[in-house]
Amino acid sequence: MNLIFLGPPGAGKGTQGHRLSARYNIPEISTGDILRAAVHQATPLGLEAKGYMDRGALVPDEIIIGIVRERLAQDDTNHGFILDGFPRTLAQAEALTQLSKEQNRPIEHVISIEVSAEELLQRLTGRRQLEGRHDDTDEAIRHRLEVYQRETAPLIDYYRQQGLLRCIVGVGTIDDISQCIIAVL
Ligand code: ADP
């Protein structure tokens, strides 16, 4: 099962991706987590990515596409994978379409988690206290939401046209939302 989670920052992609990963025993690949690990270890990738991330800007497409390409080459993805936080631009989506063609393992479902802008702002500012992420400042949060609208929201149409889009209302208990997701797979 090859899945993508699509949705704005704070929609719950990570939480739901984690649960599906355990349920179906397939890896959850979060580009945000990969980048944060690289920043933490101060690798060359991390040093380059940090500035973009702290501002709430996107890391350049070539870098992130390379990371995903390498990650999908690992054997644990053979029976499926869940992408969380990728693709985030049309160029990334097109690269992924190309990659999955080459590897002959098409994306089967794109789960779009929908949450209102006000709810997202509340969640993200609340999360700041809990997780202490560098990019959870007011300004970075606002910027991430803008970048989402401009760069990532168009992917909803891209995947709808391919018949892959599954829309989920991202409000309610974590269990309820998981049930809704499982029901559309
Ligand atoms: P959130 O969804 O809450 O914004 P993520 O953990 O998915 O957080 O991403 C954190 C940051 O990592 C992003 O703001 C961006 O700088 C970078 N990033 C993650 N995934 C991508 C991607 N696919 N393309 C470009 N930048 C990315």
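Trainee: How many residues surround the ligand?

Mentor: This is a predicted model, in which local features need pLDDT of at least 70, side-chain atom pairs count only at pLDDT 80 or more, and totals for chains, interfaces and linings use all residues. Residues are numbered from 1 along each chain as its sequence is written, and side-chain values use heavy atoms, with hydrogens and water left out. A residue is near a molecule or strand if one of its heavy atoms lies within 4 Å of it. Thr 31, Arg 36, Ala 57, Gly 85 and Gln 92 are the closest to the ligand, and the number of residues that surround it is 19.

Trainee: Which residue has a backbone N or O atom 2.8 Å from a nitrogen atom of the ligand?

Mentor: A polar contact is a pair of N or O atoms within 3.5 Å; within protein, one must be able to donate a hydrogen and the other to accept it, and residues adjacent in sequence count only if both atoms are side-chain atoms. Arg 88 has a polar side-chain atom 3.1 Å from a ligand nitrogen, and Arg 144 has one 3.0 Å from a ligand oxygen. The backbone atom at 2.8 Å from a ligand nitrogen belongs to Gly 85.

Trainee: What is the volume of the largest pocket?

Mentor: On a 1 Å grid over the protein atoms alone, a pocket is an open set of points where a 1.4 Å probe fits, with protein on both sides within 12 Å along at least five of seven lines; lining residues have an atom within 4 Å of a point. Grid points are joined across faces, edges and corners, and a volume is the space filled by probe spheres set on the points. For the largest pocket, that volume is about 1000 Å³.

Trainee: Which residues lie closest to the centre of that largest pocket?

Mentor: The lining of the largest pocket has 47 residues. Helices (H or I, at least four residues) and strands (E, at least two) are DSSP runs, numbered from the N terminus. Among the elements that give two or more residues to this lining are strand S1 (2–6), helix H1 (13–24) and helix H9 (174–184). Closest to the centre are Pro 9, Gly 10, Lys 13, Arg 127 and Arg 133.

Trainee: Which element gives the most to the lining of the second largest pocket?

Mentor: The second largest pocket holds about 210 Å³ of space and is lined by 14 residues. With four residues, the element that gives the most is H7.

Trainee: How many residues apart are Arg 19 and Asp 175?

Mentor: A salt bridge is a side-chain nitrogen of Lys or Arg within 4 Å of a carboxyl oxygen of Asp or Glu. Arg 19 and Asp 175 form one at 2.8 Å, N to O. Arg 19 is in helix H1 and Asp 175 in helix H9, so the pair links distant parts of the chain, and the separation in residues is 156.

Trainee: Is Asp 175 buried or exposed, or in between?

Mentor: Buried means under 20% relative accessible area, exposed over 50%, and partly exposed in between (1.4 Å probe, protein chains only). Because Asp 175 has 47% relative accessibility, it counts as partly exposed.
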